[in-house]
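This report goes through the secondary structure, the core and the chain contact of one model. The sequence and structure come first.

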Amino acid sequence: MPRPPFIAISLLSACVLAYEVLLTRLFSIVLWHHFAYMIISAAMLGYGASGTLLTLLKEKIAPHFGLVYVLAAAALAVLMPAAFLLAQQVPFNPLELLWDKTQPAKLLVVYLLMMLPFFCGGLGIGLVFSHFGKQASRIYSCDILGAGAGSLGVIGVLFVVPPQQVLSALTALALLAAAIAVVELKVRPRHGAAKPTGAGVAASHLLPQTADFVGNVSKVRPRHGAAEPTGAGVAASHLLPQTADFVGNVSKVQPKWLMELFVGLAVLAAVALPGIQVHSSAYKDLSQAMNIAGARVVEERSSPLGQITVVENSRVPLRHAPGMSLNATSEPPPQLGVYIDGDGPSALTRFDGSLEPLGYLDQLTSALPYHVLASQEPAHRELKGRHVLVLGAGPGSDVLQALYHRSAAIDAVELDRNVTGLVQQRFRDFAGNLYGQPGVHVYAAEARGFVNSSDARYDLIQVALLDSFGTASAGLYGLSENYLYTVEAVQAYLNRLAPGGMLAVTRWLTLPPRDALKLFATAVSALEQNGVSNPAARLVMIRGWKTVTLLVKNGDFTANEIASFKKFSRARSFDLAWYPGMSADDANRYNILAQPYFFEGAVALLSPQRQDFIDRYKFDIEPATDDRPHFFRFFKWKAAAEIFSLREQGGMSLFDWSYPLLVATLVQAIAASVLLILAPLALSRCRRTLPGAPVALYFLAIGFAFMFMEIAFIQKFVLFLSHPLYAVAVVLCAFLMFASAGSWLAGHWQDGRWQAANKVSFAVIAMGVLALFYLATLPALFQMLIHLPDAAKIIISIALIAPLAMCMGVPFPSGMMRLAGADEEAIPWAWAINGFASVVGAVLATLLAIHLGFAAVILLAVLIYAVACVALRGFA
Amino acid sequence: MKRHFALSAFLFFCFSFPSHGEGYGAARQRMVEEVLADADATASYSGISTLSPGVIAAMGKVERHRFVPAALAAVAYLNRPLPIGHGQTISQPFIVALMTDLMGLNKGDRVLEIGTGSGYQAAVLAEMARSVYSIEIIEPLGKEAGERLKSLGYHNVQTRVSDGYYGWPEAAPFDAIIVTAAASHVPPPLLKQLKPGGRMVIPLGTQFMTQFLMLVEKQQDGSVTNRQILPVRFVPLTGGH
């Protein structure tokens, strides 16, 4: 019995999945963080294209199976760093996407380069599946084990090793896989090869449901009384030659020296290969800071949450005081710039215990709540002291501001321990032991989780302004989920306020107003949903020349408070955007706009015509929710044509560039998958065997539906798992494991009463029920459990996804088995169509989630699965 | 036939881009016309009914192709920002014109620029003011720009590579200041160096995308007012009620 390269396949799978997760980190550093969907799409394209290649070149590849397999592993090793390094050489600049017509082509080159390693990985894995079809289920176990270990393991590794060094380690691991494959293939006894079973389960990683069919088809008893196919199935007979004696070919691989060569190279890569140089975009904040004479990096820390760089410049010191009043005469004390993945800076400010140098912090719009709180009577708050919660404390500016305003107790919440570690350890003296000051308590926690689990009542909850102005104003966050600014988040904050307490949120000012009005609308919705009958009485908003601060009070604002609000604003030339009872005369006095946009917007959002105003507004200012947490996405199709026409007439900044980037990625995903997956088949002899409409529809539908479900769940779990990278790794891993389990079950479910269509129908019904159940219960469940430690949340996430993923594992093998018995000629097409849908679906799901919300994408996926059920019944 | 087509295509490419002084002149003229049309379209929003003749003349005179990397000279007169290296850009000509006009310069004015970049804005200012003081924080850029301005005969421009936060005290006060370098706040020392009645212009946004312009005017009593100008003809609401 030939023995497949079990260890090698595990390692190869681990490499591929780890690489996929790693790329999301690397792209965060090089460009910006929301390229995950593009990487998933590129991975799918690589797998799909390798499947097509295996189908087309089966006769040529089969005699050289061993060699091709080892070479595929070696090529993966080389291409993982090489593709990334080459991609870095492509002068792709997202900021120029709408200025420079060559940028879309550069994006396409990056996309195709990123596809190459996945193509090699897919080729290697697919070869093994197709060659050792009889043992498909054992191979699949190793494959999935490796994939799961890779996707989760890389997260653990990233805690201790910077991403660029992880890339070197993965290169070594892939070379080791090649070396082990040489050994594993060599020791096999001479034996006639099993009849191969498929075109290669190339897409097994992201479409795990595809993989198990290989084993399953073997159990399909062909109609018309044909003998049960030998080896692993009917599909094999179509896809790969059956007579090749692979053993002789494997023996052509010179195992000893080749193995030693690969081991040597692996050791060399692990030891001598320096960490890959990661060149961030020249337009990222850190790159800009490092251009300045005197700048030097004084500290670097890395974790899956981000790469932290601390920059000191004694010649041209950082002076970070966002939107400081034009009337201010003071300037910030010496500061260090803290950059996360090259974005920022956040200021780590020198503090020697004296409050006087911190006077600049009183000249920011974010100082408003302290003045309003100070005006409150009676003095009970003065006696017990003000209790402040800072969400997103970062390196401490908002904590310093709270100290400056003599707050008695300050809870500072920061997700990344590396950031708080800077203040507590490395720069403890520089920061004046800020996080060890009396009354200051630091919590390494996710903001929503902390708020939900806390019993404390706060006089002030301050949501810090941590993102950079440049990044926000360029629309770079348009595709990213942000659960800090949703209706549900604001409700949670409000529930933690003491009577008379306030929530303060500061955002960068954008013109025409976007962030500020969306935030205002979100606060109005949250108040209404909390049962407040007159939200207008609980809101005040000011705008400076660069920032906007909104206060939401737990109670109506009093005359005293409004007087202090006006006094604060007047002294700093900040404009009043809204306070209860405000008239138009009070607006637009210091930072004069063509229209008092902010006041007019606030009035409209508090009026019964709110929805009409939101609909008529040319930017999306609909309140963000946990279902559509794209707070920074302001793009509206109805204004797109006008804004596009104005791009060279001064209107470029009106365009949220991340959105066109997403659309461009979708277009290129369609073009690339047609060219690399479908077209080769159409041009080959397979063109004579075009599948019928039901077959095409079925495999198209289940490809789209699977990706819709997977992408929507990744994005939905960002809230629960606190970070996009955790969500990608955990959700992918869970879908991998359990969809394959479902696939296995479907294959072994041999009850004669259950035809493929029935199995699929059952799975889809179960999926629909589960999806509805999750949509109804997940928000509450997340709220309840979000405070748990990461490990517990990961286990809960996997457990939640498991039943759904198992159901999703059923349709693909069922369809394939049905084809295997009825229309074998259509199998390559089924693969290809499914691959095409997966490539496109990864991007399309992101697009739909932005417009419709995660719930709608999940429901749509269920609906598409239902269509697939109907199509399956139409198979010939 | 194929060869003929290839030759035609080659010639078309050669002559569709300006490659000598005269060609650049025509391209510059087209750029100015485009800038004028944009300014006209934006008039009711920017408060500038039409660009002043001095700005138009300066834009028509300064050779933008000498301020961009050689590889981009062919597209120097497109109305778009262009990269100049070190993560910096040369601003869109329309924005340059608008900012210069907002400064309301007279021939005898003394102007401070923070963020020399390639020196293009300084050259435009030099056409309109008596003296221009320009500070660049990125050393290679500042040196190149200084040499370039000298070689082009802009002797009324003084450049310096240093921290722009404290301005140029020995040359202060200034009639106008333009701050093209990104800053989280307006440095108080710069406001101090602005004459009463003087104007300060600050573009806000990021590289390749100017979101809005700030025009800070210092009153005779030392107080400041600020206008925030959207450089585009755009009404954020559809329809009318």
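**Chain A overall**

The model is a predicted one. Chain A holds 33 helices and 13 strands. It has 876 residues, of which 63% count as buried. Among the contacts in chain A with a separation of 6 or more, 81% are between residues 24 or more positions apart.

**Strands around β8 of chain A**

Strand β5 of chain A (residues 387-391) pairs with β8(A) in the parallel sense over 4 bridges. Within that pairing, A:L389 stands opposite A:I461. Strand β9 of chain A (residues 497-508) also runs parallel to β8(A), and 5 bridges join the two. There, A:Y458 has A:L497 as its bridge partner.

The pairings described in this report are set out together here.

| Strand | Partner strand | Sense | Bridges |
|---|---|---|---|
| β5(A), residues 387-391 | β8(A) | parallel | 4 bridges |
| β8(A) | β9(A), residues 497-508 | parallel | 5 bridges |
| β7(B), residues 194-206 | β8(B), residues 209-218 | antiparallel | 8 bridges |
| β13(A) | β9(B), residues 224-229 | parallel | 2 bridges |

**Helix α16 of chain A**

Helix α16 of chain A spans residues 417-426, and its buried residues are A:N418, A:V419, A:T420, A:L422 and A:V423. These buried residues pack against β1 (295-303), β2 (306-313), β3 (335-340), β4 (343-349), β6 (409-414) and β7 (440-444) of chain A.

**The nonpolar core**

The largest nonpolar core has 398 residues. Those with the most contacts inside it are A:C15, A:A73, A:A174, A:L175, A:A177 and A:A178. Helix α27 of chain A (residues 693-721) gives the most to this core, with 21 residues.

Which residues does A:A174 touch, not counting residues up to four places away in sequence? They are A:L12, A:C15, A:A73, A:L76, A:A77 and A:M80. A:A77 lies in helix α4 of chain A, residues 65-89. This alanine, A:A77, has 27 C-beta neighbours inside 10 Å and therefore counts as buried. Apart from neighbours within four places in sequence, A:A77 is in contact with A:T171, A:A174, A:L175 and A:A178. Between A:A77 and A:L113 there are 36 residues of sequence separation and a C-alpha to C-alpha distance of 14 Å.

**Helices α27 and α32 of chain A**

The axes of α27(A) and α32(A) (residues 827-852) come within 7 Å and cross at roughly 35°. The crossing is right-handed. By class, the contact between these two helices has 18 nonpolar, 6 polar and no charged residues.

A:F720 is found in helix α27 of chain A. Is A:F720 buried or exposed? A:F720 is buried, because 25 other C-beta atoms lie within 10 Å. Leaving aside neighbours within four places in sequence, its contacts are A:F782, A:I786, A:K793 and A:S797. A:F720 and A:S302 are 418 residues apart in sequence, and their C-alpha atoms are 22 Å apart in space.

**The contact between chains A and B**

How many residues does the contact take from each chain? It takes 48 residues from chain A and 46 residues from chain B. On the side of chain A that touches chain B, the elements that give two or more residues are α12 (285-290), α18 (469-473), β13 and α25 (647-651) of chain A. Of these, α25(A) gives the most, with 4 residues. The residues of this side divide into 26 nonpolar, 14 polar and 8 charged.

**A sheet with strands from both chains**

Strand β13(A) pairs with β9(B) in the parallel sense, and A:N591 has B:N226 as its bridge partner. An open sheet of 8 strands runs in the order β13(A)-β9(B)-β8(B)-β7(B)-β6(B)-β3(B)-β4(B)-β5(B), with mixed pairing.

Methods
Residues numbered from 1 in each chain as written. Chains lettered and ligands numbered in written order. Predicted model: local features only at pLDDT ≥ 70, side-chain atom pairs only at ≥ 80, totals over all residues. Pairing = 2+ DSSP bridges. Buried ≥ 20, exposed ≤ 12 C-beta atoms within 10 Å, placed from the backbone. Contact = placed C-beta atoms within 7 Å. Core = buried A, V, L, I, M, F, W, Y, C linked by C-beta atoms within 7 Å. Nonpolar A, V, L, I, M, F, W, Y, C, P; charged D, E, K, R; others polar. Axes fitted to C-alpha atoms, helices over the stretch in contact; angles between N-to-C directions. Left-handed = near helix turned anticlockwise from the far one by under 90°.
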